[in-house]
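Here's a quick tour of a protein model for you. Have a look at the picture first, then read on.

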Amino acid sequence: ATVLSEDIGFSLGPRINAAGRLGESRLVVELLTSFDRLSARKLAIRLARYNEKRKAICDENLVLARSLLSRQNMTQGRIPAEMVIVSGEMHLGVAGIVASKLVELYAVPAVVFSQRFDEKGGLIHVGSARSTEGVDIVGLFSACAPHIKKYGGHSKAAGLTVCDHSFEVFCQELQKEYLRTAVTGEGRRKTDIVIEVSVEEVMSGNFLTYYQLLEPFGPGNPA
C-alpha cells in the first residue's frame, strides 16, 4: 500500500511521538533499527499502547487546564480578547498538544506550563506554546525576553522556561504585547473560506489524483 503524508502525520507520527513524550524514546530507535519482523511488530504494538496512554493523559490535562482557567476567572466572554496562559501540575510531554487543543477551543494563542523544580530546588515553569494564524509566538516571547530564562521555536510553536519569581510579570507583559499586536494589526488573523461541495465532486478519480499531487500537506504548503 502507498504511504501518504496523512498516514505519517496521523498514524505513524503520533505513535512515534508518544513514546518520546512519555520518556520511552528508546523503543522508537529499537523499532526503526530492527531487522526482525516479529520483534518489530511487538515494538509497534507497545508504541500503539503508549499512544493510547498519551491520549488519556492529554484528556486529563485538558480538563485540568480548563479548570485552572475557570479558577482564574477566565470566562468565555473574556478569553478571546487575551492569550490563554495556564500553569499547574501538567505533564510536560503533552503540554504542546494541550496548548493546541486550547487554541482550537478559544481561537487565541495558548501557553501551557508544567511546574517543576530546577537543579537548585527553585520552582520553575516549563511551557509549550501554540499560536494562531498571523501571530508570531516567538516574536511575542522576544518582547518579554528579560522575564524568560530561555525560549526557542518558530512563529507557530515554541517552548520556554520562566522562573517562578518572574512568572507573574512575564504573564502580564506577554498579555500586553499580544493585545498590542492585536490592536495594531500585527497579529491580524486570517479567515478561512469554507466552500460546500458534493461528495460526488470530491470523490471522483480525477480529483483525488490531482489532490494527492499537492502533498505533503501542512502549514508550509502554499496550496
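Of the 223 residues in this protein, 37% count as buried (under 20% relative accessible area; exposed is over 50%, partly exposed in between, with a 1.4 Å probe and protein chains only). Keep in mind that this is a predicted model: local features need pLDDT of at least 70, side-chain atom pairs count only at pLDDT 80 or more, and totals for chains, interfaces and linings use all residues. Residues are numbered from 1 along each chain as its sequence is written, and side-chain values use heavy atoms, with hydrogens and water left out.

**Overall layout**
- Start at the N terminus and the elements go α-α-α-β-α-β-β-α-β-β-α-α-α.
- Take the contacts (heavy atoms within 4.5 Å) with a separation of 6 or more: 58% of them join residues 24 or more positions apart.

- Skipping residues up to four places away in sequence, Phe141 touches Val111, Ala129, Ile148, Tyr151, Ala158, Leu160, Phe170 and Leu174.

**A closer look at Tyr151**
- Tyr151 sits in strand S4 (residues 150–153) and is partly exposed, at 34% relative accessible area.
- Leaving out neighbours within four places in sequence, Tyr151 is in contact with Val138, Phe141, Ser142, Ala145, Gly159 and Leu160.

- Helix H1 (residues 5–21) packs against H3 at an angle of about 70 degrees, with the axes 8 Å apart. Axes here are lines fitted to C-alpha atoms, for helices over the stretch in contact, and angles run from 0 to 180 degrees between N-to-C directions.
- That makes H1 roughly perpendicular to H3 (65 to 115 degrees).
- On the H1 side you'll find Pro14, Arg15, Ala18, Ala19 and Arg21, which meet Leu47, Ala48, Tyr50, Asn51 and Arg54 in H3.

**Cysteines**
- The structure holds zero disulfides (pairs of cysteine sulfur atoms within 2.5 Å).
- Cys58 counts as buried, at 2% relative accessibility, while Cys163 is partly exposed, at 21%.

Methods:
Helices (H or I, at least four residues) and strands (E, at least two) are DSSP runs, numbered from the N terminus. Angles under 35 degrees count as roughly parallel, over 145 as roughly antiparallel, 65 to 115 as roughly perpendicular and the rest as oblique.
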